[in-house]
Amino acid sequence: MIVTYHYERPDQKALSELEQVVHHLTEELAGWRRRTLKAEGELQDARANGGVVAGRELTQARQRLIELETENQALRQRIDAAKDRLQALAGRLLFLEQHGGGNAA
């Protein structure tokens, strides 16, 4: 006859629950730490900008403005290039009209 004795510590369930609580608290603390570091970074940015704190919408608007200004500059360059090509074509057309027989229209 084999007798198996199974002993379960009475505090095992409480320790397991405590481990879960500590794990959740650790995750919560990490989240608060991330938020704190982000806020400190934003505060340093604000101090660097003369104390002005930019809200999310203002930051997005500034970013959009930079994008639009960049796009506007690229479009201006394309327009200038098109003007140059148009002047070159107009010069060639004038040359053909003067030297090539007049019926280039």
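Colleague: Why is L18 called partly exposed?

Modeller: In this predicted model, L18 has a relative accessibility of 48%, and since the label partly exposed covers values between the buried limit of 20% and the exposed limit of 50%, L18 counts as partly exposed. The residue is found in helix α1, which covers residues 12-48.

Colleague: How do you know that the length of α1 agrees with its number of residues?

Modeller: The expected span is 1.5 Å times one less than the number of residues, and for the 37 residues of α1 this should give 54 Å, whereas the end C-alpha atoms are 53 Å apart, so the two values agree. After α1 comes G50, whose phi is positive, near 80 degrees.

Colleague: Where do R64 and E67 lie, and what makes each of them partly exposed?

Modeller: Both belong to helix α2, residues 56-99, where they are 3 residues apart, about one turn of the helix. R64 has a relative accessible area of 44% and E67 has 38%, and because the label applies between 20% and 50%, R64 is partly exposed and E67 is partly exposed as well.

Colleague: How do you know that the protein chain is more spread out than a compact globule?

Modeller: The chain has 2 helices and 0 strands. Its radius of gyration is 37 Å, well over the 13 Å that the globule rule gives for 105 residues, so the chain is more spread out than a compact globule. Its C-alpha atoms fill a box of roughly 120 × 55 × 15 Å along the principal axes, and 2% of the 105 residues count as buried.

Colleague: What separates L58 from L94, in sequence and in space?

Modeller: The two are 36 residues apart in sequence and 53 Å apart in space, C-alpha to C-alpha. L58 lies in helix α2, and its relative accessible area of 38% makes it partly exposed.

Colleague: Why is A82 called partly exposed?

Modeller: A82, which also lies in helix α2, has 33% relative accessibility and so counts as partly exposed, that value being between the limits of 20% and 50%.

Notes. Residues numbered from 1 in each chain as written. Predicted model: local features only at pLDDT ≥ 70, side-chain atom pairs only at ≥ 80, totals over all residues. Heavy atoms only, no water. Helix = DSSP H or I, 4+ residues; strand = E, 2+ residues; numbered from the N terminus. Buried < 20%, exposed > 50% of the residue type's maximum accessible area, 1.4 Å probe, protein only. Rg over C-alpha atoms; globule rule 2.2 N^0.38 Å.
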